[in-house]
Each structure stands twice: as structure tokens, then as C-alpha cells.
Amino acid sequence: MGDWSYLSSLLDKVQSHSTVVGKIWMSVLFLFRIFVLGAAADKVWGDEVSEFNCDTQEPGCTHACYNWMFPMSYVHYWVLQITFVSTPTLIYLGHAVHIIHKEKRMMDSTDGAVVKKPRYTDDRGKVKIKGILFCTYMTQLLFKIFLEVGFCVGQFYIFGPIFIEPYFHCTMSPPCARFSGAQCYISRPTEKTIFIIFMLVVSGVSVLLNILEMIYLLCNRQRDARKQLLAQHHAFTSQQCPSNPAWTTMSSQYGGFPLSPVPAQSLTGACTEDSISKDKDN
């Protein structure tokens, strides 16, 4: 297996620009995919060509049967899957870094002017997924789901069933015999089957985490919108009717808890009635 350190270092930078569910997805990618694939794949699949035997002496029959049974190496297929699934996350990382640097340059260029509060970062420098970053993040999640599902379907289409048989009858003619064919034997069929099932389960967990992250982001956005709407409503009602000292006395009668908000129309009518009664008294 190749060196995964460069890809791991890039994906590690995404941790500071993603949600809690996104960090769990990163852990699953590092631990159950990259680490397991790099540590165990060579030992399980390293002898797939050398230990593949067929009971024939026909020239080229063994290689033709192996190519018919395994059109592509499982390990190479999983490496492509990890690379393609990680690509949308890296694109989001590049976009997030670009937005943050652009915002930082705009804040540094305001000499003597009123410094605006950063939109995409908080006081601790943590990225806030909102606006264009929210769209980019949701898009990369959708692409990761489509890629995961596409590679799982492609695995069934290319390799067939997930269970590896210990032997099979090859009828590739030519180069094998036209009528008898050849009986071919695969090394470590049970271990390879377990490894295939494990990688498919990890792909399913990855899809599930991406769906949960989308739900998490949508719920957070709806909650923030509700908070902003309540704040605007509170500011509007405060402008319509100033605070009355009598409300504080009434609130103290209920143990210090604030009174329930009154609809804006009723509150406006109450303010109008108060002003009319004051004019009558005068």
C-alpha cells in the first residue's frame, strides 16, 4: 500500500471546519478504512495472483481465468473509492480556507473604518457553517453519499456476489480447453469474504453518518432562524410599547419568572388604550 500521510494530513485540517458528526465521519475514514486497508489488505490480498491456481497446462489459461474472476483488484478498487469519496471534503476545505482568508483580508484593509464582525468565524476563530459555506457543505455531503452508493453498486456490478468461492469452473475458451475448461482455486476465500463484508459495512456507516450530518445541519439552521425571528419579534414589540415598571412587580409575584409574551396586536392595543386613558385623565 502507498503512503496515506499526505491525504490524512489534508483531511485532518477539515476537522476544524466541520461539525461533530463530520468529525466522527473522519474518525471512521481514518480508523476503519485507511488504517485497516493499509495494515491488513496486503496480507489478505497480497497472494491473490501468486496463489491462484488452475488444473490446466494450457498457456495463458490461468491468467485469463483470473481476469475473468477478478476484473480489477479489490484493493485498488477500495483505494479509488477512498480517494473519490474524500475529494468533495477536500474541495470544501479549499473553499472554506478561501472564504476565511478573503474575510480576513477585508477586515485588515479597513483602516480607521468601522470594523465589522466576522460573518463566517467566531471570536475563537471557529468556522460557522452558514451562507455560502452551508451550501458548499451540504453539496459535498450529497456528493459523498452518491459516490459511496455508486461505488457499492459498482462493486456488485464488477465483482458479482460478495461471497468468494474457494473454487470455480472456468470456461474461458480460448485460451482454455474448449469443452472441458479448467477448475481454478482461490486462496483464503473466507478471509477475503469477511474483508469484503467489512468494507461494505463501513461504506454503509459512512452513508448513514452523512445523512445524519445533513439532518443535524438542517435542524441547527432551523433553530438559528427561529432564534433570529424571536429576537426580531422582541425588538419590534419593545419599540411598539415601552417597558412598564408594573410588569416587574407582577413578575415578582410569580417567583421572578418572566411573564408569557403577549401577541403584538394585543400589545399595541394595550399601549393605545393606556395613552387614551392618560389623555382623558389630563
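## Disulfides in the model

Three disulfides turn up in a search of the whole structure, a disulfide being a pair of cysteine sulfur atoms within 2.5 Å. This is a predicted model, in which local features need pLDDT of at least 70 and side-chain atom pairs count only at pLDDT 80 or more, while totals for chains, interfaces and linings use all residues. Residues are numbered from 1 along each chain as its sequence is written, and side-chain values use heavy atoms, with hydrogens and water left out.

## Strand 1 to strand 3

Cysteine 54 is bonded to cysteine 184, S to S 2.0 Å. The pair links distant parts of the chain, with cysteine 54 in strand 1 and cysteine 184 in strand 3, 130 residues apart. Helices (H or I, at least four residues) and strands (E, at least two) are DSSP runs, numbered from the N terminus. The torsion about this S-S bond is about 105°, so the disulfide of cysteine 54 and cysteine 184 is right-handed.

Cysteine 61 and cysteine 176 form a disulfide with sulfur atoms 1.9 Å apart. Cysteine 61 lies in helix 3 and cysteine 176 in the loop between strand 2 and strand 3, 115 residues apart.

Cysteine 65 is joined to cysteine 170, S to S 2.1 Å. Here helix 3 holds cysteine 65 and strand 2 holds cysteine 170, 105 residues apart. At -95° about the S-S bond, the link of cysteine 65 and cysteine 170 is left-handed.

## Burial

Cysteine 65 counts as buried at 0% relative accessibility, where buried means under 20% relative accessible area, exposed over 50% and partly exposed in between (1.4 Å probe, protein chains only). Cysteine 219 is partly exposed, at 44%.
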